[in-house]
Amino acid sequence: MLRQVAEGVLIHESEFCQSNAVVVQGRAGVLLIDPGVQGHEMACLANDLRELGQPVVAGFSTHPHWDHLLWHAGLGAAPRYGTARCAATVRDRLSDPGAKARIAAQLIPPDIAEQVPLDLLGLITGLPADTVRIPWDGPQVRIIEHQAHAPGHAALLIEERGVLVAGDMLSDVLIPMLDLNGTADPIEDHLAALRLLEGVAGDADVLIPGHGSVGGADQVHARIERDRAYVLALREGHVPVTPGSAHRLRPAGNG
Ligand SMILES: [Zn+2]
């Protein structure tokens, strides 16, 4: 079921980890960000969009983790984008023939593995490294790329709608997950990413995390502060580090 969270911006929530697919209405169809997880959920989304007469004209994956790289044939054959680093990482990780089987066996939780269609996994085109906005016919969507959680991770700011799509940053249900691969100082990278998001927070009335609940302007600042406190605690050694590929729920009442 689609739910409107701002003018022309809707979300479709998955049963898996409260994942949010984001639909942005454009002139001739919609931009679909992180389409969803289970096949029946994406088919449901495709149906909803068909009933609204809104074809998908572009797709975007916020980062190269399996649960943000899926697609369903019912969504059509629109171009799917990611940052250049995201696309290069996907290409690299899917380069050997056993890659999808490995993802299914090692990364996707067994209880939903059969419901996750991998045939269209990761078929994204990398946008040139200096691309500022997603190329499509709709509200301008600014790409805010940063080094945190996964290579080429991007948050998106839908400027005219005051919506910040945070990817796997600023979740209220998952703890901050650092990108521990191929980066010298993942903690400083994460703090830098939070500063970058803080820089656009004033333009966001609505925050949509990749997993968790949608928040208002107050939540943008509150979650940045909470995640910064967590990452600083990591640096002090007060809490153990969790890699970006692991989804770990926040303990209840985690301040
Ligand atoms: Zn992720």
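## An aromatic pair

Let's start with two residues on the inside: Phe 16 and Trp 66 are both buried. This is a predicted model, and a search through the whole of the structure turns up one aromatic pair. Phe 16 and Trp 66 are its two members, with ring centres 5.3 Å apart and planes at 45° to each other, a tilted arrangement.

Where do the two rings sit along the chain? Phe 16 is in the loop between strand 2 (9-13) and strand 3 (20-25), while Trp 66 is in the loop between strand 5 and strand 6, so the pair ties together parts that are 50 residues apart in sequence.

## The zinc site

Now for the metal. Four protein residues supply donors to the zinc ion: His 63 through NE2, His 65 through ND1, His 149 through NE2 and Asp 168 through OD, at 2.2 to 2.3 Å from the ion. Along the chain, these donors are spaced as H-x1-H-x83-H-x18-D. His 63 and Asp 168 link distant parts of the chain, as they are 105 residues apart. His 63 belongs to the loop between strand 5 (56-60) and strand 6 (80-83), and Asp 168 to the loop between strand 10 (163-165) and helix 4 (186-200).

Why is the arrangement around the zinc ion irregular? The angles subtended by the four donor atoms run from 88 to 174°, and a tetrahedral label would need all of them to lie between 85 and 135 degrees.

## Cavities

The largest cavity has a volume of about 60 Å³. Asp 168, already met as a zinc donor, is one of the residues lining this cavity, and others include Met 169, Leu 170, Ser 171, His 190, His 211 and Asp 227. Sorted by class, the lining is made up of six nonpolar, three polar and two charged residues.

Which way does phi go at Leu 170, positive or negative? Phi is positive, near 55°, in a residue other than glycine. Leu 170 sits in the loop between strand 10 and helix 4, and its relative accessible area of 1% means that it is buried.

Asp 34 also has a positive phi without being a glycine, at about 50°. You'll find Asp 34 in the loop between strand 4 (30-33) and helix 1 (39-51). With a relative accessibility of 5%, Asp 34 counts as buried.

Note on methods: Residues are numbered from 1 along each chain as its sequence is written. This is a predicted model: local features need pLDDT of at least 70, side-chain atom pairs count only at pLDDT 80 or more; totals for chains, interfaces and linings use all residues. Side-chain values use heavy atoms; hydrogens and water are left out. Donors are N, O and S atoms within 2.8 Å of the metal (3.2 Å for Na, K and Ca); water is not among the atoms, so sites may look incomplete. Four donors count as tetrahedral if all angles lie between 85 and 135 degrees; four count as square planar and six as octahedral if opposite donors are over 155 degrees apart and all others between 65 and 115; anything else is irregular. Helices (H or I, at least four residues) and strands (E, at least two) are DSSP runs, numbered from the N terminus. Rings of Phe, Tyr and Trp (its six-membered ring) pair if their centres lie within 6.5 Å; planes under 30 degrees apart count as stacked, over 60 as edge-to-face and the rest as tilted. Buried means under 20% relative accessible area, exposed over 50%, partly exposed in between (1.4 Å probe, protein chains only). On a 1 Å grid over the protein atoms alone, a cavity is a set of points where a 1.4 Å probe fits but cannot get out, and a pocket is an open set with protein on both sides within 12 Å along at least five of seven lines; lining residues have an atom within 4 Å of a point. Grid points are joined across faces, edges and corners, and a volume is the space filled by probe spheres set on the points. Ala, Val, Leu, Ile, Met, Phe, Trp, Tyr, Cys and Pro count as nonpolar, Asp, Glu, Lys and Arg as charged, and the others, Gly among them, as polar.
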